[in-house]
Amino acid sequence: MEEYPEELRTPPVALTCVVGCPEVHGLITAHLHSQQPPINTIALPDFSKISVIPPKKPPRENSEHVGGILKRDWLSKHRTRIPAVVAALFSSSNVSGDPAQWLQVCTDLENLKATIRGRNIKLVVVVVSQAGHKDDMSEDRMIALRKRAEVDSKYLIVFVPDEHMELKQSLSRHGPRLCTAFADLASTYYRDEGRRVKVRLEKKSFSSMELNVRYCFKVAVYAEFRRDWPEALKLYEDAYHALREMVGTSTRMPPIQRLVEIKTIAEQLHFKMSTLLLHGGKVVEAIAWFRQHTANYRKLLGAPEVIFLHWEWLSRQYLVFAQLLETSSANGLQFPSMASVPADKPTEWEFHPAYYYQAITSYLKEKNICLELALSMSEDVGPIDGSAESVVASVYHGQFARLLEREDTYIMQSLTDDEYVRYTLVEGKRFLDSFEIIALLKRSFEAYNNLKAERAAAYCGFQMAREYFSLSEFSNAKQIFDNIASLYRREGWLLSLWELLGYLRECSRGTGSVKDFIEYSLEMAAMPETTNAVELSSKYCGPAGPATLSQRAKIHKEAFEVARGGSELTLKEQNSHLKVNSDYPLYLEIDLVSPLRVVLLSLVAFHQPTVKPGALSLLTISLRTQLPTNVEIDQLEVQFNQSECNFIIVNDQKPHIAAISNVQPGRRVETAPTLVLATNKWLRLTYEIKSDQSGKLECIYVIARIGPHFTICCRAESPASMSDLPLWKFENLLETIPTVDPGLAFSGQKAIQVEEPDPQVDLNLGSSGPALVGESFILPVTVASKGHAVYSGELKINLVDTRGGGLLSPREDEPFSADNLHVELVDISCHVPEDQSEAPSDNIQKIQPSFGLISVPSLDVGDSWSCKLKIKWNRPKPIMLYVSLGYYPQNGEPSSQKVHVHKSLQIEGKTAVTISHRYMLPFRKDPLLLSKIKSVPEPDQIPSLALNELNMLLISVKNCSEVPLRLLSMSIEMEENKGSCNVQPQHVFGEPVVHVPGEEFKKVFTIVPSVNCTKLKIGTVSLRWQRDSGVREQFHSCDTESQFMKHRLPDVNIELPPLVVSMECPPHAILGNPFIYSIKIYNHTELLQEIKFSISDSQSFVSSGPHSDTIFVLPSSAHVLSYMLVPLGSGSLQLPRVTVTSVRYAAGLQPSNTSSIIFVYPSKPHFEASDT
Amino acid sequence: MIVCLAVVGHQNNPLYIQSFTEADDALKLHHIVHCSLDVVDERVNNPKKSGPTINEAFLGLLYPTENYKVYGYLTNTKVKFILVTTDLDVRDADVRNFFRRFHAAYVDAVTNPFHVPGKKITSKIFAERVSTMVKSFGLSPAS
């Protein structure tokens, strides 16, 4: 695009001219230029310079010969030299000055008018006035001036510029008028000019096609001056079509030059149209036009010797269009959407400059080919008789002429086609386009990459690399080829890859890298066959020849000959060779992502997942290649992460040549009968392997040595995790399993776990049944050495919830608190031997609620050591105790293996005792508790006790554990409000009560509440107990420690009973003897209580007394009902039942059966005091 | 005339690629087919651009090169068919029709129980059938 002249590239801008009064020119020019649309100005300081405006040419004769289509300078003439408007500037002093000055003004005006009249240039008269002198101007003179100038009054403008302060003001005041005048007149001028030419077009008053094109072009340009874009576009199109008709009809010039001219004009017209369309946002139309344009002219190759000009021209079309597209898409063009694209619509890529850049390169390449051909055909291009230098562009676009210097003048002489061809060849030779092609391809490559079109980018890159290759820039080429190769490998485009690798192979010859050469050769040789290889055998497939099996075998053979040092690698440089020898050994490394996995794939599988140290395990090495012919390996080395396990397999067929010298002394060497790899067949080798070191034993490398200086180091893979071979995974390949055992093929691993040596130390956990909540459970741990001495032993203790899930200890970042710990490790106590005490630093001890770590002193064989774990249960919970001992069997040998012993024990944590309680009333005494008779009993009703009465509290303790316990004391601890009630007694057992499992132990307390309170806290039952040691010696510490078991008594409701009924009768009776049975009713209230009572008859007794009645009990007094009873039978007899009913409270007392039984002896019994 | 036909698998790998020209441009055709996959990706991955015809297998003209036109077709199992023709004024309907028949041939080939999905199509019958179809393309009265 840059090669076009500026006037063509930019839209035309109206041109005006100012003459005279040079002091205001700058001001006016700048102002006009800043207008929208801008106006360019020619500033002429005085009227004598007016001659720069070219005079009008004489009108064209119809018979006149037309020299060409467009004059080269026509456009620039109209843009820079022929103004549409001329402004004559006169100073006001001159206008209104003395006659001489006025005369001068008139003369200048006349001259100016004479000059511009021929071209119809419009005139504006500006009188430049001084500020403050504006009124000085004579009205007559102004009128005279206007008449002389023959301008409309609005084109006579008074301009007052001089006061600096008023500058802006003056412009803002006069500026609009000035500008409007200029713009109006310019528009009129261009319209008139356009119309003038258009009339000719419409009348078809032109003698030749050339003029038709020229007129269309001119009208279009005038329309552009007026910014009438649709009109301009239409006329450019007309011109284009007219030009198209000229192809093949014009006979004006020799054929070659004729076509060149037409193409040049077509290019310009198309450029104009594309610019207009793209600026108007009509991308689709622009692309359609471009398609049509290239289609129109693509076939017009021209004469055979200048076909290269055609390709150059075509590539320029693409280049210019790409650049236009790029600049307009930079302005944020929106591409239309599309799904399936109809053939007549542009596709996605056509909206991107990258597409065009890529296309250019193919044309440029065509051009180069044609140019070279043309150069080779014309033998005498070099020394042309110097006339070529004098060939210049002629006055017409697209024409060339010889410039002859004759007597100080230059004469243009037209060229013959032969001369022209020679000129173009010379010109063409000066530009070699390889670098241009690379630059364009690079642009396209980057653009496609930005579009994430990696395949198109790869193709550009490929062409670019090929271009580098042809320039012998091998390292550049190799880098690009390598990048693209990975794409083709990934997507399995075999033929493209084959071609590319062929180039890479040649590149490696160029860069002198034997390793690259071998790698690329081997990869090519191991490639799958392309599907239609047979058909392709005769066709071009890149520098490596056809992609056939035989060619692959050839490449394979060649590569191995070089690798074995049998032949030399011929380099691109003259007479230089490289050979693999001891100075230049060849070392290839194949890892998991290497494309060379197809060349050698090594799978290693251990037959077992784990093995004991020192025991033998089987190892299978499976090797496979896809190379077309057999490969014989001289030596295989298998390397492990434990280097002492490394071993070497030697091919028995091969004499022990230099390869064996690599063997280090002491290395294990195996011999295999043969080590030949056939295409796609597994070579399976199974060996036993032994490791003394526990941990992971992993095979890392399998190294194949072929010949004295060629090594392939192949990273071992596990069969279980083998990934597909690149390229081959798309092939219909016979799938074979790498190991004989199919199970191993799916699960085999290249690593084995070598176990630890067996421990010879006993770790005993003294189990003692369940633990009891609250006690510190003591668990002895004994370490007894049987066969190993113990050095640097460490004992780790872990407490784990058996049900998993909720760990016993909260997370480590939370503070520990006893509340949320159900079980905790409290202490580890151990007996430190005297001789170890001097090394306390060894004796690390670390205790956390669920974890403990303690060091074990060194033990000799046969020694033992023990410690005690103290674990406390806060809640009943079963736990798992894990104890592990780690030690070194040898002292001071860092290489020796640590041995671990693990033991675990499940321990139940149980509640030792359960405490229950019961409130009772004294025998045969019943207070009336109103809360008891009220309503239905509620489940959570708190028990009620009578105020100031003796209440009984029965505490029963049940042993739920499986061991006998000793109860030491039981007491009720009062809570805050001392004196609110009186509890008796506090039991401290003089001799511990042994409490066997399942037994229930009861104690009675009396409570006399002295406060009337609905919620009285009675206190907490506190039971002190310990395990009954019996004879068990190992629980010494248990004896000394007693545990408290607490049981909080529920709150009770204390109320004052309004009535208390008590029955009195002797403890026993004797048959026939009367006794008194009395019922006492106390009224604790201040009210008179009406009491109804009745006594039921009983067969066992004869009774005397009131049978039933209603009585009144006075306030705070008692009433006694007494009966005399005579028992009639003996044994346990039911007393006559007395029912007492309080009328006020509607409550009756029905004494319980048990309380109304009396034992009647048949005769008076004789009690004998035993000892007393 | 159809110069190249390709079946392209899920990893953009060629499952079947055959050129039908006498000239030595198999490589170039491979490149053209390979580059056209970018356009297929672009069309398939930008459904917002695609409008209402997204459900159609026929992708239309992928891109015009100087001498060829490249058409695409995407099966419901996301296997791509690419067609390269030298006919610069071929009708969409013909191409669509051709693809439909080619799709049928492809389905027959891959329903062979001995064919492993994702591997290359090596069936000779398929190749013959395709070759016949290619020869008849452009000769049928419809075109």
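The lining of the second largest cavity divides into 6 nonpolar, 2 polar and 3 charged residues. In this scheme Ala, Val, Leu, Ile, Met, Phe, Trp, Tyr, Cys and Pro count as nonpolar, Asp, Glu, Lys and Arg as charged, and the others, Gly among them, as polar. The model is predicted: local features need pLDDT of at least 70, side-chain atom pairs count only at pLDDT 80 or more, and totals for chains, interfaces and linings use all residues. Residues are numbered from 1 along each chain as its sequence is written, chains are lettered from A and ligands numbered from 1 in the order in which they are written, and side-chain values use heavy atoms, with hydrogens and water left out.

The volume of this second largest cavity is about 70 Å³. A cavity is a set of points, on a 1 Å grid over the protein atoms alone, where a 1.4 Å probe fits but cannot get out, and lining residues have an atom within 4 Å of a point. Grid points are joined across faces, edges and corners, and a volume is the space filled by probe spheres set on the points. Among the lining residues are A:Pro5, A:Leu8, A:Trp74, A:Phe217 and A:His397. Two helices of chain A, α1 (6-9) and α3 (74-80), each supply at least two residues of this lining. Helices (H or I, at least four residues) and strands (E, at least two) are DSSP runs, numbered from the N terminus. Over the whole structure the search finds 9 cavities of 30 Å³ or more.

Next come the pockets. A pocket is an open set of grid points with protein on both sides within 12 Å along at least five of seven lines. The largest pocket holds about 1200 Å³ of space. It is lined by 40 residues, and A:Glu3, A:Leu309, A:Glu312, A:Arg316 and A:Phe400 are the closest to its centre. Helix α12(A) gives the largest share of this lining, 8 residues. By class, the lining of the largest pocket has 20 nonpolar, 9 polar and 11 charged residues.

The second largest pocket has about 970 Å³ of space. Of its 40 lining residues, A:Ser362, A:Lys365, A:Tyr459, A:Gln463 and A:Arg466 lie nearest its centre. The largest share, 10 residues, comes from α13(A).

That leads to the interface itself. The size of an interface is often given as the accessible area lost when the parts come together. Between chain B and chain A the buried area (accessible area, 1.4 Å probe, that two parts lose on being put together, summed over both) is about 4100 Å², of which carbon and sulfur atoms give 51%. B:Leu27, B:His34 and B:Lys120 supply 17% of the area that chain B buries against chain A, more than any other three residues. The contact (heavy atoms within 4.5 Å) takes 46 residues from chain B and 47 residues from chain A.

Side chains of opposite charge can pair when their charged atoms come close. A salt bridge here is a side-chain nitrogen of Lys or Arg within 4 Å of a carboxyl oxygen of Asp or Glu. Across the interface of chain B and chain A there are 3 salt bridges. One pair is A:Arg455 with B:Asp41, whose closest N and O atoms are 3.2 Å apart.
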